[in-house]
Amino acid sequence: MVPDIGRGSRTHGLLVYLYGPGRREEHTDAHLVGSWDGFAPDPGRDSDPKVTLARLTAALDLRVKQAGDRAPAKHVWHCSVRTAPGDRRFSDEEWNAIAQRIVHATGIAPDGDPDGCRWIAVRHAEDHIHIVATLVRGDLRNPRLNYDFNKAQAECRRIEKEMGLRLLNAGDGTAAKNPSSAEKFKAERTGRSATARETLREAVRRAAAGAATEEEFFDRLTEAGLRMKTRTAPSGDAIGYNVALPGDRNRHGEPVWYPGSKLAPDLSLPQIRLRLASGTVERTKPSSASGGERTDWSPPARERREATGVAEHAAVLLDRDNGGQAAAQLVGVGELLDAVAQTSPAATRAELAAAARAFERATRSHVRAARADTRALRSAARGIVQAGGALGRGEDGGTTAMLVSTLVLLTLAAARWHSARGHAQQAHASRQAAEHLRAAYRQAAATPMRVLGEQGRALSEADRRTHKTTIRAALPDQELRVDSTSSTTDALIATLAQVERAGYDPEALLQQAIAMRELDTAADVNDVLVWRLRRIARLPAHPDDAPRRPQTGRARPTKTPFNPISERNEPSAAVRPAASEPRSRPTRR
């Protein structure tokens, strides 16, 4: 059951809308189900509805006129109460009882108070009612409506339990403000898929992703095509900012400005400055003499590969930390998702953008973010944004799949962290983000996993048996997966073969990949291990770039323990190729 509260100044105009046909002819059989005294005139049941509507307006506004200048400018309180999809339909009597509970809980008309505000409840659909009240009491004082939305929401949670309805996630006051009905209808009228508030919120979050300075943040806003202005103190220092969509104007032809704090609590200028204070790390580009990452990979591919290691490390921190350090990591994860969404290939863009929008809710809770070192996450986001858009094929597409596979586990770690603290909405948002990421992963990984599967099946039977034995020894509980004929099993076998050709010990490197963090939440363990192995062994993410010439005469070194907190998760010394043995350069087919 969802309450939605707004304020206004035109009682008659609101009643005309509620008793009218609606903007899409959706209102049917509009009538009263309750009122302050049970005897209010009902235009929906009268032979002359216009006259009765005027009488109802006058009755509701009586005390407002008596109060004169003491009445609030926005004296109309409007609360819609809607049941969730799948809930049973209520009778008029049940809706009347619900309306009475809402006006009592919010302080509009407490039970037993003869001076409570005048109110009515109108029903014009099966699944919701509208409560309209005028905010002047019988003693001509204003009602105390502190935290009226929170009180209405809490009462709805109690009603759900008592009446056996679907239990919705309770809010904690940290969510971004929802678009108003007027904003929704304006978006529909102008042909926009989202309201101006939602569009601006997403644009501002993307501008903040990895920004190094306040000036860069403001520059990104204007580069995104937004109208932007700053609010300054008498000293000339900026104390806030406002943004508007081009062409979005009010009835007077003026731009509709939104302060950052009204888009989301963490998008105010002071909160943006807190993010920027953590800084970023400028990474040096790999050189051909360094022996590290290949330099022929595109900048988007390199940055996505780097970000994968950072995301793995953030997941470890979320699993280990129980306070403000983890809360700070969640903010950085949100920036990383925003960066990936705005630079993703066309095939995965919609799902990744949906994941970033969903996870936005998971970045805020009442656990105050500590001044943690989030430079790694912010630097990863910055690197992805600066590298530009990635292609949906080749190494760009492969590293996108590699990163998204890790982001799925990272958002599930966020869901566990929030669930452990009773953050129902944030946990749900994290799981929603994970589902969108899984859909994006299936699109990004389809080609590289298919090719890897073909390469695995093309190996000799002896090599396949060897690598299957390695997998069984490392994952004794995953025998059914190993024996299956799925393409992911073949892809893991192909990856182990390529690891060996590159000069690593497959068994030791597989153990290292497993030790990085838990695999219980993985939809397919083989999938996850393929990408971990390819990253820590510095194999190309796209199998067409994999090394193909076997290297002989190399003894297998022994394993050593792996440190899962290592930020880059590089191969440990025991599984690296010996320095004295030149590593053959991967060749392109």
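Start by selecting leucine 140, which sits in the loop between β5 (128-134) and α4 (148-163); helices (H or I, at least four residues) and strands (E, at least two) are DSSP runs, numbered from the N terminus. This is a predicted model, in which local features need pLDDT of at least 70, side-chain atom pairs count only at pLDDT 80 or more, and totals for chains, interfaces and linings use all residues. Residues are numbered from 1 along each chain as its sequence is written, and side-chain values use heavy atoms, with hydrogens and water left out.

Check the backbone of leucine 140: phi is near 65 degrees, a positive value in a residue other than glycine. Leucine 140 has 22% relative accessibility and counts as partly exposed (buried is under 20% relative accessible area, exposed over 50%, partly exposed in between; 1.4 Å probe, protein chains only).

Next, select arginine 538, in the segment after α20 (525-536). Arginine 538 also is a residue other than glycine with a positive phi, near 60 degrees. With a relative accessibility of 16%, arginine 538 counts as buried.

Now select cysteine 79 and display its sulfur. The closest cysteine sulfur is in cysteine 156, 7.0 Å away, which is too far for a bond.

Conventions
A disulfide is a pair of cysteine sulfur atoms within 2.5 Å.
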